[in-house]
Amino acid sequence: MRFIIIILLFSMLLCCTSRTPVFDQERAFRFLLDQCEIGPRAPNSAEIELCRQYIINKLKENNAVVREQDFTIEKDGVIYEGCNILASYFPRMSRRILLGAHYDTRPWADRDASDSLRSRPIIGANDAASGVAILLEISSVLARYEPQQVGVDLIFFDLEDMGEYGKNETWCLGSQYYAENYSSALPEKAIIIDMVGDKNLELYMEYFSYHNAPALTNEIWFTARDLGFRQFKARIGKRIYDDHYPLIQSGFNAVDIIDFDYEYWHTTEDTPDKCSEQSLYVVGQTLLELIFIEK
């Protein structure tokens, strides 16, 4: 009997220690608001410098190993200073999961309904503060809990959102640079999140993601289904050139989680009131589940 009790207690302990930590949606939304309070985070602006330092400070508070990857690009005779922020957790682990989001915002609200506003920069609550907010909350979790099987790398990409419509190569410049200069062993999984704070969140399987990494795409969407998150729709959606695409071209097993059907995209109306704590939670908890149930 004593042996049986010991076995039961040991089993209970295993269950308790293997549970996935809870994603704090309120704190994540605070991270979103903090970025928006800085102002538009356009390239070469004082605001993007402040946002960059804000992200780095949060990561260091959470005991991440942080590295900055500086690069420059020239566009229309202007030199833009870019900086990807790389944060690693549990670097001794050979198996890795990469999670990424961009932190710059569109310099122009060129899809705004008002002609007079189209030259203004955007606040970018959904595009891109929502993805950054989720990664920062995951950073907070990883500071307190250690996955059993994998290490985690968080990448905050710069210079994603200043491209020209119809010219894919002019977008995602930070992830292009990162992918072209990557020299380590590839992570087992690379997951990019973008525009994931929409109150009316609907996440379809992005076309390039599914055709490049069908097993990983299915794993993400079926994990969300098992958690009861109906915002993840298990149907193939649009082709979207996002930060995952340069990774795919460099051989990464990469997937994009994005709700591209967002009516305030690249307008001055992309503000925090269009975003939801619940949407951040749905995506963030799904990612934590993938990290902590990794076999």
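1. Is histidine 266 buried or exposed? Histidine 266 counts as buried, because its relative accessibility is 0%. Keep in mind that this is a predicted model.

2. The backbone at histidine 266 deserves a look. Its phi is positive, about 60 degrees, although the residue is not a glycine. Most residues other than glycine have a negative phi. Histidine 266 sits in the loop that joins strand 8 (254-258) to helix 9 (277-292).

3. Cysteine 172 belongs in the next check. Here too phi is positive in a residue other than glycine, with a value near 55 degrees. The loop holding cysteine 172 runs between strand 4 (151-157) and helix 5 (173-180). Cysteine 172 has 0% relative accessibility, so it counts as buried; the cut-off for buried is under 20%.

4. Now the overall fold. The protein chain contains nine helices and eight strands. Of its 295 residues, 55% count as buried. Among contacts with a separation of 6 or more, 78% come from residues 24 or more positions apart.

5. On dimensions, the radius of gyration of the protein chain is 19 Å. That agrees with a compact globule, because 295 residues would give a value near 19 Å. Along the principal axes, the C-alpha atoms fill a box of roughly 80 × 40 × 35 Å.

6. Last, surface and charge. The protein chain exposes about 13,500 Å², and carbon and sulfur atoms supply 51% of that area. There are 29 positive and 45 negative charges in the protein chain. Their mean positions lie 7 Å apart.

Terms used. Residues are numbered from 1 along each chain as its sequence is written. This is a predicted model: local features need pLDDT of at least 70, side-chain atom pairs count only at pLDDT 80 or more; totals for chains, interfaces and linings use all residues. Side-chain values use heavy atoms; hydrogens and water are left out. Helices (H or I, at least four residues) and strands (E, at least two) are DSSP runs, numbered from the N terminus. Buried means under 20% relative accessible area, exposed over 50%, partly exposed in between (1.4 Å probe, protein chains only). The radius of gyration is taken over C-alpha atoms; the globule rule is 2.2 Å times the number of residues to the power 0.38. Contact means heavy atoms within 4.5 Å. Accessible areas come from the Shrake-Rupley method with a 1.4 Å probe; for residues, only the protein chains shown count as cover. Lys and Arg count as positive and Asp and Glu as negative; His and the chain ends are not counted. The place of a charge is taken as NZ of Lys, CZ of Arg, CG of Asp or CD of Glu.
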